[in-house]
Amino acid sequence: MAQLNMAKALNLALREALKEDDKVILIGQDIGQDEGVFRITEGLLREFGPDRVVDFPVAESAIVGLAIGLCFTGFRPVCEMQFSGFGYHAFHQIENHLSRFRNRTRGRFTCPAVVRMPYGGGIRAIEHHSESREAIWAHLPGLKVVIPSGPRNARALLRASILDPDPVIFYEPKASYRAFKEEVPDEPETMDIGKAQVVREGSDVTIISYGATMRPVLEAVDELREEHRIDPEIVDLLSLVPLDTETIIRSIRKTGRCVIAHEAPRNCGPAAEIIARIVEDALMYLEAPIRRVTGYDVVMPYFNLERPYLPDARKVVTAACEVARY
Amino acid sequence: MAKQFILPDLGEGIHEAQVVNVMIREGDTVTQDQMVMEVETDKASVELPVPYAGRVSKLNVKVGDTISVGQVLLEVEAAGEMATAAADQPPGPDAGVPATAPAADTTAAAPAEPPPDYGPGPVPAAPAVRRLARELGVDLRQVRGSGPGGRILREDVERFQAASSKREPAPAIPPVAAAVRPTPATAPAPVPVPATTTVPVTKAATPPPPPAAALAAEALPDFAQWGPIRREKVPQIRKTIARQMARAWSIIPHVTHGDEADVTDLEIFRKEQGKVFAEQGAKLTLTAFILKAVAGGLRQFPQFNASYDDAAGELIYKDYIHLGVAVDTPRGLMVPVLREVDRKGLVTISRELKVLADRAREFKLDVAEMRGGTFTITNVGALGGQFATPMINWPEVAILGLGKLAEKPMVRNGEIVVRKMLPLFLSFDHRVIDGADGARFVNTIATFLENPLNLLLVS
C-alpha cells in the first residue's frame with residue numbers, strides 16, 4: 001500500500017480509469033499540458049495522449065455539452081470545472097440536459113459522465129474560488145452528488161463514479177487535496193455510492209458531516225471524550241445523493257441526539273434535508289433538538305476572515321455539548 | 001425576576017444526587033457562595049454553595065429528595081435588582097455559532113408537589129420521553145417535570161410510573177389512538193402504539209407490560225398480601241452499588257479461582273518490621289504486602305490490568321497500576337484507589353491506605369479518589385471466610401479477594417507442620433482471561449507472599 005494525499009489518490013483513480021477503458025476521456029481547462037491547477041491530472045497527458053486528455057478553452061458549458069454528445073457515442077467523459085464556482089456556466093447543460101437524457105429518451109440515451117469540481121474554502125483564494133454549493137446540485141433530480149473526505153475514499157469513489165452509468169457531480173474538497181496522507185491500496189478498489197460510513201461508534205450524540213468538515217469533526221472527538229465525557233458517534237456521508245438515510249436513522253435511534261456540520265451556508269443547506277429525514281423517520285427517538293454547525297449565509301470572506309467562517313472543532317464541541325446536556 | 005440556582009454538573013458523568021441536608025429555609029437571606037445544602041452523589045458527599053446573594057424566594061427541595069443535574073434547587077431574589085431569567089447552563093455556545101437559544105430560558109421553577117397546570121397546550125417533553133410515556137401508559141399531564149424549565153425527563157416518567165402502579169385507581173388515560181397519525185410508507189419499523197392506554201389499576205395490580213426501551217426491574221408482587229411490611233428508602237450509595245453490581249454481573253462472565261498462600265514467613269517479617277514502621281508513623285498491615293504482591297503480579301500479567309472494549313474488539317492495556325481497596329463503611333461498600341502502587345514502597349502504601357480508609361469511613365472521599373482503578377482487592381478475612389466469589393469492579397477485568405488468615409496443619413516434606421495460611425480467591429472476566437492464566441496469576445501472587453524477596457526481582 002502507498003501513503004497518498006487526496007490529489008495523488010484522485011490522480012491514481014483517473015489513471016486507472018484511463019488505462020482500463022479506452023472510452024474514458026478527460027475534458028477540462030489546463031488539465032493536459034499544465035497538468036491541472038491542482039495537479040490532479042499530473043502526468044496523464046504524457047501517458048495517454050491528447051485524444052484522452054483534452055485541454056479545453058474557457059467555456060464550461062461547452063465542456064459539459066461536448067461531454068453529453070460524447071456519451072451518446074459511447075464515451076465516458078470525466079469533465080473538470082476548474083473551480084466549482086465556475087460550474088454555473090455549465091448549469092444549464094447539467095440541469096436541463098445531462099441529468100435528463102435517460103428520462104427524456106426513456107433510457108435510449110444515457111449520460112455516464114462525471115463532472116469533477118474542486119469546492120470549499122480554507123486556501124485563502126480570491127472570490128468565486130471557495131464556494132460550497134453542493135445543495136444546489138443535490139436538488140436536481142437525475143444527478144448523483146458524491147463528496148469524498150480522504151485519499152482512500154476519494155480514489156474509490158471517483159472510480160465508482162466513472163463506472164456509474166449515470167451522471168455524477170464529484171465534489172472535491174480542495175482544502176483536503178494535500179492536507180494529509182492515507183494508506184491507499186495498490187489494487188483498484190471502489191465503494192458503493194450512496195453508503196455513508198460510521199467512522200467512529202459512540203453512544204451519546206451523532207455527529208454527521210462530509211468532505212473537508214470531517215477533519216474538524218474528528219478533531220473534536222478527543223475534547224468531547226476527555227473534557228466533557230461525551231461519547232460521539234461520527235458519520236461521514238460520502239454522498240448527498242443518494243443520501244444514506246438508513247445509516248443516519250440507525251445512529252439517531254442509538255444516540256437520540258444529533259449535530260450536523262458542513263461548510264456550506266446554513267439556509268437550505270444539506271443539514272436541513274438531513275434533519276427533515278430524521279424528523280420523518282426517527283422523531284420519537286430524539287432527546288434534544290438538532291444543532292447545525294455551518295457556514296454563514298454570506299459569501300466566503302477574504303483571507304483573514306476565512307477561519308472564523310469555517311466550521312471548526314470548537315464550534316462542533318459547543319454544539320455537541322449543548323445537545324448532549326439538553 | 002429571581003435568579004435560579006440549578007444543580008450544576010457534578011462531574012464524572014453523575015446525573016443525580018440525594019439531598020441529605022438543607023441549611024436554609026425559604027425567606028432566608030443568603031450571601032454569595034454560602035453553603036446551602038449537602039447532597040450525596042455516587043459514593044461521595046458534596047456541599048453546594050449558592051452562586052447568588054439575596055433572599056431565598058423559593059426552595060424546591062427537601063431532605064430525601066432525589067435531584068437531577070439541571071434541576072432548579074432554589075430561587076434567589078437580589079435586593080432591588082432585575083435579574084435576568086437566563087438559566088445557569090454549562091458552557092454556552094460560541095458567539096460564532098448561529099444557534100437558537102434553548103427553550104429552557106423562559107421559566108418559573110417547577111412547583112414542589114402536584115403536577116403543574118399545563119393548560120390546553122402541549123406538555124414540555126422531548127420526543128423520546130413522549131414515546132416512553134406512551135409505552136408505559138403514563139399521561140404526561142399528570143407528571144411533574146424536573147428538567148430545565150419544568151421539562152419532563154425520562155426519570156420523571158419512570159418515577160411516576162413506579163409510584164402510580166402502587167396507588168389506588170390511577171387516573172384513566174385518554175385513548176391515544178385519535179392522536180396517532182398514519183406512519184408514512186417509507187418509515188422503517190414504526191413505534192408500536194397500544195390501541196387504548198387506559199391502565200386498569202386495582203390493589204393487586206399488574207403494571208403495564210415492560211416497554212421496548214430498556215427499563216429497570218420487573219414488577220414485584222404486593223408483599224403486603226402475606227403479612228405486614230415496611231418500606232424504607234435506600235440511600236443513594238446503595239442505589240449506586242445496586243446499579244453497578246447488576247451491570248458488572250450482566251456484562252462480565254465471572255469465574256473464580258481459589259487457592260491459599262503460606263504467609264508464615266511473611267507474618268514473621270511483618271511483625272518484626274512493624275516496630276520500625278510504627279516509628280515512621282505507619283502501621284504495616286498485611287494488605288500493604290498484598291498490594292505490592294498484586295502490583296508485581298500485574299506487571300507480569302498485564303492482561304489483568306486492562307479493560308475490554310467489546311465494541312472495538314480491543315483490550316486496553318494500562319501502563320499504570322492503580323489499585324482499588326474495598327472498604328466496608330457504615331453506609332456501604334466503598335473502593336478508594338491507591339495510585340502507582342508499583343512505584344511506591346511499603347511505608348508509603350501503608351500510610352496512604354490508612355488515610356484513604358479513614359476518609360472512606362468518614363464519608364469524606366472525593367469521587368475522583370474512587371475512579372481510575374485498574375484492579376481491586378477486597379478483604380473479608382477479618383470477618384472470616386475460606387472462599388467467596390467477589391464481583392468484578394467493571395470496567396476492570398479481575399478482583400482479588402482475601403479470606404481469613406488462620407493457622408492450619410499443612411504437609412511439608414512429609415511432615416505435618418502448623419503454617420499460617422491466607423485464602424486467595426480471584427474472580428476474572430472470562431471473555432478476556434482463561435482459567436489457566438487465572439491460575440498462573442494467583443500462583444504468582446501466592447509465590448510473592450510466600451517469598452517476599454521475589455518481589456525485588458519484578459521490573
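## A walk through the model

Phe363(B) lies in the loop of chain B that runs between α6 (346–361) and β16. This is a predicted model, and in it Phe363(B) has a positive phi of about 65° although it is not a glycine.

Leu238(A) is not a glycine, yet has a positive phi of about 65°. Its place is the loop between β11 and β12 of chain A. Leu238(A) counts as buried because it has 26 C-beta neighbours inside 10 Å.

| Peptide bond | Omega | Loop holding the proline |
|---|---|---|
| Val241(A) to Pro242(A), cis | near -5° | between β12 (239–241) and α9 (245–255) of chain A |
| Trp394(B) to Pro395(B), cis | near 15° | between β16 (375–379) and β17 (398–402) of chain B |

Now follow a helix in chain A. Helix α8 covers residues 214–228, which makes 15 residues. From its first C-alpha to its last, α8(A) reaches 20 Å, close to the 21 Å expected at 1.5 Å a residue. Which residues of α8(A) are buried? They are Met214(A), Arg215(A), Pro216(A), Val217(A), Ala220(A), Val221(A), Leu224(A) and His228(A). An α-helix has 3.6 residues a turn, so residues three or four places apart point the same way. With that in mind, trace Val217(A), Ala220(A), Val221(A), Leu224(A) and His228(A), which are among the buried residues of the helix. The cover over the buried residues of α8(A) includes the strands β9 (197–200), β10 (205–209), β11 (232–236) and β13 (258–265), along with helix α12 (313–324), of chain A. Just after α8(A), Arg229(A) takes a positive phi of about 55°.

Stepping back, we come to the nonpolar cores. The largest one has 110 residues, and the members that touch the most others are Cys79(A), Val115(A), Val145(A), Val259(A), Val316(A) and Ala320(A). Helix α1 (residues 6–20) of chain A gives this core its largest share, nine residues. Domain 1 (2–184) and domain 2 (197–324) of chain A each supply at least three residues to this core. What does Val115(A) touch, not counting residues up to four places away in sequence? The partners of Val115(A) are Val64(A), Cys79(A), Met81(A), Ile94(A), Ile169(A) and Phe170(A).

Chain B has 459 residues, of which 32% count as buried. Among its contacts between residues at least 6 apart in sequence, 65% join residues at least 24 apart.

How confident is the predictor? Chain B averages a pLDDT of 79, and 79% of its residues score at least 70. Over residues 81–112 of chain B the pLDDT stays under 50, and the model has 64 contacts beyond four places in sequence for this stretch. Residues 170–215 of chain B also have a pLDDT below 50, with 49 contacts in the model beyond near neighbours in sequence. For the complex, the predictor gives an ipTM of 0.77 and a pTM of 0.53.

Technical notes:
Residues are numbered from 1 along each chain as its sequence is written. Chains are lettered from A and ligands numbered from 1 in the order in which they are written. This is a predicted model: local features need pLDDT of at least 70, side-chain atom pairs count only at pLDDT 80 or more; totals for chains, interfaces and linings use all residues. Helices (H or I, at least four residues) and strands (E, at least two) are DSSP runs, numbered from the N terminus. The expected span of a helix is 1.5 Å times one less than its number of residues. A residue is buried if 20 or more other C-beta atoms lie within 10 Å of its own, exposed if 12 or fewer, and partly exposed in between; C-beta atoms are placed from the backbone. Two residues are in contact if their C-beta atoms, placed from the backbone, lie within 7 Å. A nonpolar core is a set of buried Ala, Val, Leu, Ile, Met, Phe, Trp, Tyr and Cys residues joined through C-beta atoms within 7 Å. Domain bounds come from an automatic or database domain assignment. pLDDT is the predictor's confidence in each residue, from 0 to 100.
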